[in-house]
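Please read the following report alongside the sequence and the 3D structure.

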Amino acid sequence: MGISEQQLINRLVPALLRIRQTKIYRVIQRTVMLTFPFVLIGSFSQIIQVTLLTKTGFLASVFHLSTWVPYYKYLHYPFDNLTNLTLDSVAIVAAFGAAKYYAKAYHRDDQLAGISGAIALLLVAYQYPDQTQVDFNPVLLGTNGLTSAILIGVVIGILFRWFGRPADVPRQSHTTQILDRTFASLLPMTIGFLLAVGVGLVLNWFMLFDYSEQTLDQLQKIATSSHNGLMTFAMAGLTLLMELLGLAGPFQQRLLANTPSMTTNLNYALSHHSAYHVPYPYTSHTLYDAFGTFGGTGMLLALIITIIISSHNHNYHVVARWSLVPALFNSNGPMMTGLPVLYNPIYAIPFILAPLVNMAVAALAIWLKWLPPMVYPVPLGTPGPLIAFIGTNGNLVALLIGSLDLVISVLIYLPFMRLAEATLHAAHEQSLRLEMTGDDA
């Protein structure tokens, strides 16, 4: 006898509630959501920068903006700065939030803990060059540094828990009270800074950052140059898993550089006037880029559609509406941090499953010769559902397969979105019961 979706949800909710009640999960979730406004502003700025103010961008190409907009070549500078400063500061905000919320959970000075967490991240990320200049390692900053930033923030929070004194911050702090708070937190701050400096020195001396960057570059090179279909699916799964954990995967740099297989396929299509029999039909470009990233990594455009048509949660709708435009242009940051999807066990399965299923559908269509592989160049910032259509030179079957993939992804996300809503509802009811009974546990 089978089990219904609602019965399965009822069985899973208690376990998910126990995870939500752990202090470390609450710290991580609140920290990720704290980064949301920075990611949102940076994502909108990046869309304007890439699609409108880059000559090869999607909207710039469609409307030929460079030919008639005054001072076009200078307009991207303020958006370059805004994009870099918002998105590159995300890790600093995360270190601040993780230290702040962890210290607050144990009634320590959360303000000083948060500031200490941000400074500790910068101390770890600081590079020691030969010349006199201030430089930080990009591996630990920006959206790719979220996981390490949260880890550093939690360590600072732990130090405040162990070595700090309980803090009761009054609404109006006088200089004496501020001084008392400072000395109460001086020991964990000192230990944290010294530890961060030591870790930074070790990372620099042993060139661990350099090795990690070289390893990732090599992995990306292997992944994007692979012609094997199974390898393409394996690397796609690894990319999705790493992205869910806040790390950079082998397929993260999408559509940015031509690989040998892309060049070979394009030359074949141009010389034979057809792309149906290209030498390499199952690559990261023809499958993952074309059909596995509507709304960014994880097919999050499908989750936004699922929320809009089916969710009863007001906060979900707010985040989904703000994230819709970025998702249309393949930016998943707002949904990753605002819902959040990042580090969320509920969305782990659909985040990985939906893109792989979509790639399998496209691979089947290519194998049956219903669809030619994507071989033609695609403008930067092209909306996800149009990438395969443009990359196959306007093939209608590619548009239909993309639409089918989007529908399939919505159906995959739907039960998990319901599970997330049921968990939130149960958590809210539990909170109300605790308030009524006066239990602070």
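## Aromatic contacts

Tyr126 counts as partly exposed, at 24% relative accessibility; buried means under 20% relative accessible area, exposed means over 50%, and partly exposed is in between, with a 1.4 Å probe and protein chains only. The model is predicted, so local features need pLDDT of at least 70 and side-chain atom pairs count only at pLDDT 80 or more, while totals for chains, interfaces and linings use all residues. Residues are numbered from 1 along each chain as its sequence is written, and side-chain values use heavy atoms, with hydrogens and water left out.

There are five aromatic pairs in the structure. Rings of Phe, Tyr and Trp (its six-membered ring) pair if their centres lie within 6.5 Å; planes under 30 degrees apart count as stacked, over 60 as edge-to-face and the rest as tilted. One of the pairs is formed by Tyr126 and Phe136, which are edge-to-face, with 5.8 Å centre to centre and 75 degrees between the planes. Both Tyr126 and Phe136 are in the loop between α8 (110-125) and α9 (146-163), ten residues apart. Helices here are DSSP runs (H or I, at least four residues), and strands are runs of E of at least two, numbered from the N terminus. Phe136 is also partly exposed, with a relative accessible area of 27%.

Trp162 and Phe163 form another edge-to-face pair, at 6.5 Å centre to centre and 80 degrees between the planes. Trp162 is exposed at 59% relative accessibility, and Phe163 is partly exposed at 36%.

Two charged side chains are placed over the face of Tyr106: Lys23, at 4.1 Å from the ring centre, and Arg161, at 4.0 Å from the ring centre. A charge sits over a ring if NZ of Lys or CZ of Arg is within 6 Å of the ring centre and within 35 degrees of the ring normal.

## Helix α1

Helix α1 covers residues 5-21, which is 17 residues. From first C-alpha to last, α1 reaches 24 Å, close to the 24 Å expected at 1.5 Å a residue; the expected span is 1.5 Å times one less than the number of residues. At Val13 there is a kink of about 30 degrees, shortly before the proline Pro14. The bend at a residue is the angle between axes fitted to the seven residues ending there and the seven starting there.

Which residues of α1 are buried? They include Ile9, Val13, Leu16 and Leu17. An α-helix has 3.6 residues a turn, so residues three or four places apart point the same way.

## Cavity and cis proline

The count comes to one cavity of 30 Å³ or more. On a 1 Å grid over the protein atoms alone, a cavity is a set of points where a 1.4 Å probe fits but cannot get out, and lining residues have an atom within 4 Å of a point. Grid points are joined across faces, edges and corners, and a volume is the space filled by probe spheres set on the points. The largest cavity has a volume of about 40 Å³. Its lining is made of Tyr25, Ile28, Gln29, Pro340, Leu342, Tyr343 and Asn344.

Pro340, one of these lining residues, lies in the loop between α17 (333-338) and α18 (348-367). The peptide bond from Leu339 to Pro340 is cis, with omega near -10 degrees.

## Positive phi values

Most residues other than glycine have a negative phi, and most peptide bonds are trans.

| Residue | Phi |
|---|---|
| His107 | about 60 degrees |
| Lys369 | near 65 degrees |

His107 is found in the loop between α7 (90-105) and α8, and is exposed with a relative accessible area of 55%. Lys369 is in the loop between α18 and α19 (384-391), and is partly exposed at 42%.

## Separations along the chain and in space

Pro383 is also in the loop between α18 and α19 and counts as buried, at 12% relative accessibility. Pro383 and Leu328 are 55 residues apart in sequence, and their C-alpha atoms are 5.2 Å apart in space.

Tyr288 lies in helix α14 (residues 284-291) and is buried at 0% relative accessibility. Tyr288 and Ile305 are 17 residues apart along the chain, with 20 Å between their C-alpha atoms.

Key:
1 Å grid on protein atoms, 1.4 Å probe; cavity = no way out; pocket = protein on both sides within 12 Å on 5 of 7 lines; lining within 4 Å.
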